[in-house]
Amino acid sequence: MAANQIKGSTNTVLMIQRSSDPEEILLGEFDVIAAGAIPWRVLNDELQVLIIHRPRYDDWSWPKGKLDDGESIPECAVREVGEEVGLQVQLGIPLEATAYTVNQKAKVVYYWAAALANGDEPTVDGDEADEARWVGAKQAKSMLTNPSDAAPLDDLIEAHLAGRLDTRAFMLVRHAKAKPRANWTREEGQRPLAATGRRQAQALARLLNCWKPQHVATSPWVRCVQSITPYVTEHQIKPKLVNSMTEHAAQRKPEKTVKSLTKLLDKVRSQVLCTHRPVLPLILPLLSARSSQAVRKLLPTADPYLQPGGMIVLQQPVGAHERIVSIEIHAPYSD
């Protein structure tokens, strides 16, 4: 997995892989990491985007900004939209990141699409942004001050034309770090999270808030349930316990595990599934079979597939349950 390093920050290494990004982004190391989003809607059959004027730079751009210490890249994108245009968004497909040099420092900006309903109107504070306009996507391209800001817009327009912009996120989580197996003498299904794992679960809840899944499925084993408890407690969601997603069930009846995942994917809704490392070899081939080539290239193929507390985010277009059009892999929180 590629590491994007922020030099001189307390949040020393942030790791993210996305199918939208070119190789120089995936393999790059950067002094400054920023994130943002392009809010979009369709009004009278026209694709519109929300573009902002930033008085500090006297330019037209997208809501974006640098990471705060301890903040994940998706969290930064959501926070910046909230601060600059007063709108709370859930992230959609990833859009092409841009990289450039500022004051002899390498900077990268990660973008996502963010769907908004008609009637969601921005409010600006006059500091970060003093004007925000809903405009047609083609008009926005002519308004952008910096040519590099056109790359994520081009991605968004292309996705709209291809019918893969209106999506729902399917999130696959490996449970957070558990107490060592070798030191556990009781029933395996009752083995809980370690102290690091409990902190990872809190970080996972913050990360999931960037997509706000309304449906949560999990192995009923304690370490999986504990991994998603902070999120479901915050949102008062009752998780669905899926017995076929335990380690033992996947080993004894793998066909039931695959069938359960197929049912979840076919629903095409915003949802998260938390399971175990030994279950991932059954899950990943099914995801691969439904994915575009760009997604398949990034799907993990070797053990351990994901680190404890790691997450894969897949986007499925509404009305096309057999398609997965984007992937993001997020490394777990680390003390």
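A crossing counts as left-handed if the near helix is turned anticlockwise from the far one by less than a right angle, and as right-handed if clockwise. By that rule, α5 passes α6 in a right-handed crossing.

This is a predicted model, where local features need pLDDT of at least 70 and side-chain atom pairs count only at pLDDT 80 or more, while totals for chains, interfaces and linings use all residues. Residues are numbered from 1 along each chain as its sequence is written, and side-chain values use heavy atoms, with hydrogens and water left out.

**The helix pair**

Helices (H or I, at least four residues) and strands (E, at least two) are DSSP runs, numbered from the N terminus. Helix α5 (residues 195–208) and helix α6 (residues 222–235) pack at about 50°, with axes 8 Å apart; axes are lines fitted to C-alpha atoms, for helices over the stretch in contact, and angles run from 0 to 180 degrees between N-to-C directions. That angle makes α5 oblique to α6, since under 35 degrees is roughly parallel, over 145 roughly antiparallel, 65 to 115 roughly perpendicular and the rest oblique. In contact terms (heavy atoms within 4.5 Å), A201, Q202, L204, A205 and L208 of α5 meet Q226, S227, P230 and Y231 of α6.

**The sheet**

Now for the strands. An open sheet of 7 strands runs in the order β3-β16-β15-β11-β14-β12-β13, and its pairing is mixed. At the edges sit β3 (16–18) and β13 (240–241), each pairing on one side only. Two strands pair if DSSP finds at least two bridges between them.

| Strand pair | Sense | Bridges |
|---|---|---|
| β11 and β14 | parallel | 5 bridges |
| β3 and β16 | antiparallel | 3 bridges |
| β15 and β16 | antiparallel | 5 bridges |

Helix α8 (residues 254–266) lies across β11, β12 (215–218), β14 and β15 (311–317), running at about 160° to β14. Helix α9 (residues 280–289) touches β11, β14 and β15, and its direction makes about 160° with that of β11.

**Strand β16**

Back to β16 (residues 326–330): 5 of its 5 residues are buried, so the strand is largely enclosed by the rest of the structure. Buried means under 20% relative accessible area, exposed over 50%, and partly exposed in between (1.4 Å probe, protein chains only). Both faces are covered, with S326, E328 and H330 on one side and I327 and I329 on the other.
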